[in-house]
Amino acid sequence: MKLVSRFFAPLWSGKTYRAAAYGLVLLALGSAAFALLIAGWTVALCFAITPLVVPLLIGLRVGVGGLATAEAATAQLIGVDVRPRISTPGTGFWSRGFATLKDGSFWRQQAHLLVGWPLALAPFCLISSAVELLTLPAWYRWDDSHDFLGFIEINSPREAVLGSLAGLLLLTLSAHLLGPWSRLAGWLARALLAGDGQLTMRSPAERRAIRVRALTIDALVSTIVVAALVVIWMLTGEGYFWPVWPMLALAFVVGIPGWVFLVLENPTVRRLALGSHALAIQVGVSAILSGFLVAVWAITTAGYFWPAWPILCLVVAVLVHAAVVRARREHRIEVLEASRAGAVSAQEAELRRIERDLHDGAQARLVALGMNLGMAEQKLKTDPEAVQALLAEARRGASEALLELRDLARGIHPPILTDRGLGPAVAALTERNPLPTSLRVDLPRRPPPAVETAAYFVVAEALANIAKHADASRIDIRIGTENGTLVAEVVDDGRGGASVAGSGLTGLRQRVEALDGRLRVTSPDGGPTNVRAELPCES
Amino acid sequence: MRVVIAEDLALLRDGLARLLRDNGFDVVDAVWDGDALVHAVIREKPDVAIVDIRLPPSFRDEGVRAALELRERVPETGILVVSQYVEQAYASELLADGRGGVGYLLKDRVMDVDDFVDAVRRVGEGGTALDPEVVAQLFTRRRRADSPLDRLTPRELEVLGLMAEGRSNAGIADALTLTVGAVEKHIANILTKLRLPPSGSDHRRVLAVLTYLQQDH
């Protein structure tokens, strides 16, 4: 009896139905993804040698990211919690395009979209066959055809009932199989859909090694392909030298990443391009593209010089970009001047606050303490009882002065920050804070002291504001680095509606901007509030 | 009771030595940096070493490091760390080995001479002395979401706090003007509510409470 109930257990387990639902969603999204990928890549490849390819790629990236997010959201049905990346960050037109192509999560998401469909198809086939068998008596009774699943022939009600029993068996077996299936699907989702973590970490040396390796492989494969094609051309009678076309295409394909690599590694090239990576890459890519078009023109008719028009467009695009870069540089200098002035005045205000605190607090207490001691001295012989009271008061005063000085010192520069660095200092902050707080610190090495201090005070101020205004129930703090920039983020689930202008964050923003960083506060009404400081660590 | 002091400010070092001598301690050495402290303690094997956290050369957490080193090398010496500020993280490091004979106090506590002397003596005898501010930090940390601490009455919380500071039953009774019997009853209730085993010795019970307070939920 126990065995029987265990055999049928998966039929009324919620897990089974959740796994089946996930399978159905995979099937639907897989079909959509198939259409998107075929159409998207076809169009993108058609425009591969025009600048249009970049928006197409970014669009495809967003589409894939959206479908992957939908899959990840439904993967919660089988107990998998992953958050795929939706877009590839990048600054500048061309670098965004390349970043998309180099983005591992983009490719893994496509793989999952494609694999998910056949993966879901297997249990779907099993279950639908089982359901058809299970309902055989109904089909037999009300449908005239006596031929089911294409090959089983049903000639009597008895056979129909037997088929129905077989269907029940098959259904139960499929339900059993859904367990391992959902583990497999969960493993796939975790492997292919999980974002690389919001904060990815790779040292510049590692990144460089990866790029060198990719470029070497590209160049090697291209050379081998070209050599093979030339051999084929020689073996097949040496007619029209058609290998020139693939050679041209491969030179194009290797040339562009080669140029990107050169720019990333070469300060001279960047200096020539007003210090902008993106501009240098665009100039190089445009040059390679122009060369490609001229070569195509030369190999074909060499008649009317049609490449003049696309080249003209590329030149105009480069000039516009250069103008934008120059304008932005000038703007940055203005911002730097303004933020330096802001920092100076913020420091001035801070010093005034400290002076005032000392004057009204510890100094006043020490005066009172001295007074008490003086009075005690006076009364020492005449009134020992009063002396005792005065001394007790003096001691209390000294305690309070010390307490105030300690708080003041912590406000200027918390000792644990110097001693142990940002992670432990922020951990100490969260210990003092009564709300449930999660803290994730991922710093490979200690940032410069000024950066550490600014990040610390951003977190401290954010926590103080949350305690005062947010009415939150939990706080998430994340500290890490992204491309040489320290990112400190404090998120709460409170009521939102905060702004930089109206809070103690103004002084902090000046402090952050003085380090060439950025402080952003997003806080829609109803929350959540997100305070994010980005501080460059490398100058 | 024999004492070694490590403190870099001469004013405080001499003051502390005088205060301890006046109260019947034998101050065998007073040094001004972490290395000298380690040497002095290994040489003298005192009952207690009183250590300032900020010591030369780096003026960071030298004192904590020296204290941790001494905990390993001279386990029989009690260590009382004093500082201008307290961090719960340092307290956790000092308590990590689960042995007594350790204390961590704000320098301010020196002003209440009787209490301070009592704390030094406790640490020398293998007990603990934690600053009320550290205990308060431990409480905040524990009291976030539905913690068993919520089941304690206000009076029991007071008793738990004093217990975590390292005071004996008599000391707690004194501080709260209760009878020792009443304190014992409160403590029994607290241990039951926190599901901690009853334990004979004061010191061991205090360590159990501290371990409990330091655990994550």
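**Reading the sheets**

Tutor: In strand 6 of chain B, the residue facing B:Val102 is B:Thr128. The model is predicted: local features need pLDDT of at least 70 and side-chain atom pairs count only at pLDDT 80 or more, whereas totals for chains, interfaces and linings use all residues. Residues are numbered from 1 along each chain as its sequence is written, and chains are lettered from A and ligands numbered from 1 in the order in which they are written.

Student: In which sense do strand 5 and strand 6 of chain B pair, and over how many bridges?

Tutor: Strands of a sheet pair through backbone hydrogen bonds, either parallel or antiparallel. Here strand 5 (residues 102–106) and strand 6 of chain B are parallel, with 3 bridges. Strands are DSSP runs of E with at least two residues, helices are runs of H or I with at least four, and both are numbered from the N terminus; a pair of strands requires at least two DSSP bridges.

Student: What is the order of the strands in the open sheet of chain B?

Tutor: The 6 strands follow the order 2-1-3-4-5-6, and their pairing is parallel. Strand 2 (26–31) and strand 6 (128–130) of chain B are the edge strands, each pairing on one side only. From one strand to the next, the twist averages 20°; such angles run from 0 to 180 degrees between the N-to-C directions of axes fitted to C-alpha atoms, for helices over the stretch in contact.

Student: Is the pairing in the open sheet of chain A parallel, antiparallel or mixed?

Tutor: The pairing is mixed, in a sheet of 5 strands with the order 3-4-5-7-6. Strand 3 (437–442) and strand 6 of chain A each have a single partner strand, so one side of each lacks a neighbour in the sheet. The twist in this sheet averages 10° from one strand to the next. Within it, strand 5 (residues 485–492) and strand 7 (residues 529–536) of chain A run antiparallel and are joined by 8 bridges. One bridge sets A:Val487 against A:Glu534 in strand 7.

Student: Which strands does helix 16 of chain A lie across?

Tutor: Helix 16 (residues 449–470) lies across strand 4, strand 5, strand 6 and strand 7 of chain A, at about 10° to strand 5. Helix 15 (residues 422–431) of chain A lies across strand 3 and strand 4 (475–482), and runs at about 175° to strand 3.

**Backbone exceptions**

Student: Where is A:Asp516 found, and what is its phi?

Tutor: Most residues other than glycine have a negative phi, and most peptide bonds are trans. A:Asp516 is not a glycine, yet its phi is positive at about 70°. The residue sits in the loop between helix 17 (505–514) and strand 6 (518–522) of chain A. B:Thr177 also has a positive phi, of about 45°, and belongs to the loop between helix 8 (169–176) and helix 9 (180–193) of chain B. In chain B the peptide bond from B:Pro56 to B:Pro57 is cis, with omega near 5°. B:Pro57 is part of the loop between strand 3 (48–52) and helix 3 (62–73) of chain B.

Student: Why is B:Thr177 classed as exposed?

Tutor: A residue is buried if 20 or more other C-beta atoms, placed from the backbone, lie within 10 Å of its own, exposed if 12 or fewer, and partly exposed in between. B:Thr177 is exposed because 7 other C-beta atoms lie within 10 Å. A:Asp516 has 15 and is therefore partly exposed.

**Cores and the chain contact**

Student: Which residues touch the most other members of the largest nonpolar core?

Tutor: In soluble globular proteins, nonpolar side chains tend to be buried together. A nonpolar core is a set of buried Ala, Val, Leu, Ile, Met, Phe, Trp, Tyr and Cys residues joined through C-beta atoms within 7 Å. In the largest, of 59 residues, B:Ala49, B:Ile50, B:Leu80 and B:Val81 touch the most other members. A second, separate core has 42 residues, among them A:Leu29 and A:Leu171.

Student: How many residues does each chain bring to the contact?

Tutor: Chain A brings 19 residues and chain B 15 residues. On the chain B side, helix 6 gives the most, with 3 residues.

Methods:
Two residues are in contact if their C-beta atoms, placed from the backbone, lie within 7 Å.
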